[in-house]
Amino acid sequence: MTPAPTAFISHAADDAATAAELCRHLESRGIHCWIAPRDVTPGREYAAEILSGIESCSAFVLLLSGHSNESLFVHREVERATSKGKAIFPVRIENVLPDRELELFISSAHWIDAWEPPQSNQWERLAQAIRGARPTSTPAGLQRHTPPASANRARNQRFAAAVGVVVVAILAGSWIMRGERTPDAAPAEGGVTPARVAPTLPQETVPATSARRASEPPPARTADAPDAIGPCPQNLAINPDLPMPFSCRCSAEATRDGAVWGTDLYTTDSSLCRAARHAGAVSPDGGPITVERVAGRDLYIGTARNGVTTNDYGTYSDSLHFAGTPQPPDPGP
C-alpha cells in the first residue's frame, strides 16, 4: 500500500527539474511527497487532484523563484494550504522576494535559501524540519491528543535534531525585522517553521562582518524602549537557546494565526503571539510581550478565551509563560 503523502511540493512548471530533485531527496529520507504531474491521476480534473494532494499532506513546501512569483497555480496552492492550516516551508531556489500575493502568506516564515550549491545540504535541512513539524489543528473545537511516552520521546528527539542544525545560523544573524528589503539583500538562514500571516517583508539582515557571535548574548530588549523590540518569532521552539526572559512585539496579524496548545502555560511550539492574546498579555491589535521558558507538563488543557480557542495536548518537554499573566494550577489526574 502506498504511504500517505507527507509533503506537497508546490512549484512552477519551469522549476520542475529542481522540484523532482528535491522530491527524490525527501523520499530517500523516508518523507513521501505529492508532486505534480507525477501524482495526478489520469482522467481526473487537475484542480481537484491538486486540492486532494494538499489535503492529504501535513507539510507544504513552496519552491520560491521568479517563475513561481508569476504562476497563478502556485499562488492558489499557497492560499489553499494556508486556509487548511498546513505547515508551510518556503525554499528559495533563486535570490528573489515573494510578490505581493505570496508575501501575505509566507513573509513571516523562516526561509531556506537553496540557490547556491550544494543544494543537497539545504534539502537535508528541509527534511529534518519536516520531520520535526507538527500539523496545525482545525479551529472548529478542541482536539485531545495524548500520545504514549515513547511517541513523545521520539518526537522530541526528531525536533531537537532539526533545531540543532539551524540554531547557530539563527544566533549569528539578526532577528528578521519587518519593512522594505532590496532584492539583492541576503536574508539570514533561519530555521524553518510553518508560515505565519504578516503584512510586510522581513528586513535586511546584519552583514556577516558585523554579525554577533553565537557565544555573545543578544542585546537587551525591554518594554521601556519599544523601538528596540523586534518582531516576535513564530514560536520559541525554533530557538531553544534563546536567553530568557525575552521581549518582542506582536503584530495584529500574528495574534490571529497559528495553533496553540494549553492555557496560561503553553507548549513552546505554539504560535507565540496567538498564545499571548489567549493569555491576555496582548490585545488583538498586537503589542509588546515578555515571555519566559518554564518546565514542561504532562497535560495541557485547551480553553476558549479572548477570541482564541486553544487545544489539549499530552506530555511536552517545555512550556512558555507570559510576564504579568497568572500561573495555572497543576492539572488534576
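Is Cys23 buried or exposed? With a relative accessibility of 4%, Cys23 counts as buried (under 20% relative accessible area; exposed is over 50%, partly exposed in between, with a 1.4 Å probe and protein chains only).

## About the model

This is a predicted model, where local features need pLDDT of at least 70, side-chain atom pairs count only at pLDDT 80 or more, and totals for chains, interfaces and linings use all residues. Residues are numbered from 1 along each chain as its sequence is written, and side-chain values use heavy atoms, leaving out hydrogens and water.

## The bonded cysteines

Searching the whole structure turns up two disulfides, a disulfide being a pair of cysteine sulfur atoms within 2.5 Å. Counted along the chain, the bonded cysteines pair up as 1-2, 3-4.

Take Cys232 and Cys248: their sulfurs sit 2.0 Å apart, and the link is right-handed, with 95° about the S-S bond. Cys232 is in the loop between α7 (149–172) and β6 (246–250) while Cys248 is in β6 itself, so this bond ties together parts 16 residues apart in sequence. Helices (H or I, at least four residues) and strands (E, at least two) are DSSP runs numbered from the N terminus. Both Cys232 and Cys248 are buried.

Then there's Cys250 with Cys273, sulfurs 2.2 Å apart. This link is left-handed, at -90° about the S-S bond. Cys250 lies in strand β6 and Cys273 in helix α8 (residues 272–279), so the parts being tied together are 23 residues apart in sequence. Cys250 is buried at 4% relative accessible area, and Cys273 is buried too, at 3%.

Cys33 counts as buried, with 0% relative accessibility.
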